[in-house]
Each structure stands twice: as C-alpha cells, then as structure tokens.
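Please look over the sequence and the model shown here before reading the briefing.

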Amino acid sequence: MEYQRLIALYSLLPTLIMGFIYYYYLFRAKIWQMTFSVVAGWLNNWLMMMGIAMVSFSQLALRYMGLLVVEKFLPSAWQGYMTFPMSTIETSVEHTMLLLYGLGLVLLVTTPLWCEGHRLVYETLGRKDAGNAGRLSFSEAVMEILYTTSQLAVVLQVQTALAMIQEGLGCHFHYIHFVAVIVEHMFFHHMVQFKFAWLHKLYHEVQPLYRLVHLEHHICKGTYPTTPAAGLWEPWIEGGTLFFCNTLACVPYFFHATSSGPNVVVHTMWPRKSCIQWHTLHHVVHSDIYALNVPFSRDVKQYKERLQCSYFIRHKFTSDIAGFAATFLAGYILHQWGIGLFHVWHERVLHSL
C-alpha cells in the first residue's frame, strides 16, 4: 500500500496534472472539443493497437520458451533462475523515479544550454526556418522539461509490472534470458533495428496509430534525457520492451541502469555540433530516422555531409560506447551514495533446476 501511494502521488498524479497543463498551454480551449465520433475513433484505434500488441507479446513468449529449450543443453550450473524480494524491487523503482526527478531539476537550471542545442541543429542543417520553428524559447523549453519529466516513469513502471506479473505466474527469468538481454543492451543501437525500428516507422507512417501511442513523445519542439522515450501506450504495444526480452526489470536497479545511459545520449540536444546525432534530427526536424542512431532512411543522404562535424555521425559505434560510459559513470556515482544493484545483491535467491 505504501508503494502504491507513492506511485499515485509522485508518478500518476504528476503525469495527469502536468499533461493537462501542457496540453492546455499548447491547444487552449481545443482540448475540450470532445465528441462521440472522437471517442468512437479512439476506441477503434485502441482495438487495432491491441492487435499489434498481441503480436509483440507472442514474440516475447516464443523467445522465452525458445531460450528454455536451449538451456537444456547447457551445463547444470548454468541452469536456473534468480529472484529478489518484491520490497527491494519496489524500493529500486522509487529511488530511480526520484533520481530522475532530480535530473529534471538539473535540466531546468541549465535550460539555456538546451535552447542553444536546439538552435545548433537548425544552423548545422542550414534550414531556412531557423528563425521561426528553429527557435526554442526559454519559456517553451521550461514547459517542455516540466512535461517530459512528469511523464518519466511510464516505461519504468510498465516494464516492472509486466516482469512481476510474469514472475507471479511462475514463468521465471532464467540465467539464459539474462545473457540474451545483456547482449541486446550491449549493442543497443544496433539491436533496435530488428524490432523497434519497424514499429517506430509504423507509428510515424500511420497517423491514427501515431496519435494513439507515440504523439506524447514528439509533442515537444525539443528532446530531453528525462523523457520516457515513449507515449503512454507505447510500452504496451511493444510488449514492454524495445527488444525481445523483458528480463532486466525483475532485477533491482538493473533495468534503468542499462537503459538510462542510451536514453541520455540520444535524447539530449547537446549544445555542441560535435554531439549532434541522427536521433536528435528525428525529434528536432522530424527526420525519418527510426533506428535511434543507426540510420537507414531517406534523409541520410540529404544531411550526412553537413553532419560530418559530429563524432556520432562519423563513427556509428560512438552511441553504444557513449551509452555504456554514461551508464557506468552514473552507476558508480550512485554506488558511492549507497544506491544500486551491488548494495542489494546479497538479497538475491538462486534457484537450481
């Protein structure tokens, strides 16, 4: 009950209140234009979205069972699974959420840097509209940071809940599942090409689907590292993960430690031309680049020459290296403060088959 109250007060309530304030800030009285046809259209789109979600969950189930078959051929010491107390997992979600709010505060204090980062993208691309759409005002940036930070726990809570439900049903995550998902995260920007990139492309090309699952992620002019990197329904349509395994969420602190590094790298408008990335373009100028920082799109030829000033453009593995470095640095600092996986590692329970 204590955990539920904390989630309601510090996650659900900010999501609803700040979401309403930001949408009113953008659309004013238009937000009240609700008709029967609008509601019926939303329900129709929701049902179609659920069909896609079932495909994602089916893929996860097949991957889960396939890896269990492979496990039978491994040495007995490599067969089994690991669990942590539910209270420990709940505490890790609370800590992660509060730390991300702290990051939001840092973003607010440094708002002028992100306005400059937004301007640099337009300047580097030589866009003629740099004086209008290319200008992100201070007040706009403040509202956007408040909005994205208020939405930050969406993915974290959905993935944790899905993992705990699966554990509760007796479908435990075995060691082999951990190995598979760690490999996926080691090559984060390349692995998204096999699932997420195609769903992401679908969101942008099918407008009803885009408005249902992805619009919240693109409604701002800029992009910030406190973004949940998804709309409210997006984690569900993807089966709770960008890849093919929802393993990490059942280990305290591990899920957000491994995903926060890449998220900070790709969703920050760094105020340096040398740090402009393909995914920055996807947000700022709506470029059709769907695989984070591994480009395969129509816009690559158009912009590649102008973006040679960036390390991320010239060297495609830079994003994975930078994401790993950010994860390691943040993890080390938090470990010194007494927060993190290694401080609760002794609470794990090993189960042999």
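A residue is called buried when its relative accessible area is under 20%, exposed when it is over 50%, and partly exposed in between, with a 1.4 Å probe and protein chains only. This is a predicted model, in which local features need pLDDT of at least 70 and side-chain atom pairs count only at pLDDT 80 or more, while totals for chains, interfaces and linings use all residues. Residues are numbered from 1 along each chain as its sequence is written, and side-chain values use heavy atoms, with hydrogens and water left out.

**Salt bridges**

- The structure holds six salt bridges, a term for a side-chain nitrogen of Lys or Arg within 4 Å of a carboxyl oxygen of Asp or Glu.
- Glu123 pairs with Lys273, with 3.0 Å between the closest N and O atoms, and this pair links distant parts of the chain, since Glu123 lies in helix H4 and Lys273 in the loop between H13 and helix H14 (278–284), 150 residues apart.
- Glu123 counts as partly exposed because its relative accessible area is 38%, and Lys273 is also partly exposed, at 33%.
- Glu116 forms a salt bridge with Arg119, the closest N and O atoms being 2.7 Å apart, and both residues lie in helix H4 (residues 111–125), three residues apart, about one turn of the helix.
- Glu116, Arg119, Glu123 and Lys273 are linked in a network of salt bridges.

**Pockets**

- A pocket is, on a 1 Å grid over the protein atoms alone, an open set of points with protein on both sides within 12 Å along at least five of seven lines, whereas a cavity is a set where a 1.4 Å probe fits but cannot get out; lining residues have an atom within 4 Å of a point.
- The largest pocket holds about 1,400 Å³ of space, a volume being the space filled by probe spheres set on grid points, which are joined across faces, edges and corners.
- Its lining has 45 residues, of which Ser260, Ala326, Thr327, Ala330 and Gly331 lie nearest the centre of the largest pocket.
- H17 gives the largest share of the lining of the largest pocket, 14 residues, where helices (H or I, at least four residues) and strands (E, at least two) are DSSP runs numbered from the N terminus.

**Cavities**

- Three cavities of 30 Å³ or more are found in a search of the whole structure, and the second largest cavity has about 100 Å³ of space.
- The second largest cavity is lined by 15 residues, and Tyr147, Glu216, His217, Thr227 and Pro228 lie nearest its centre.
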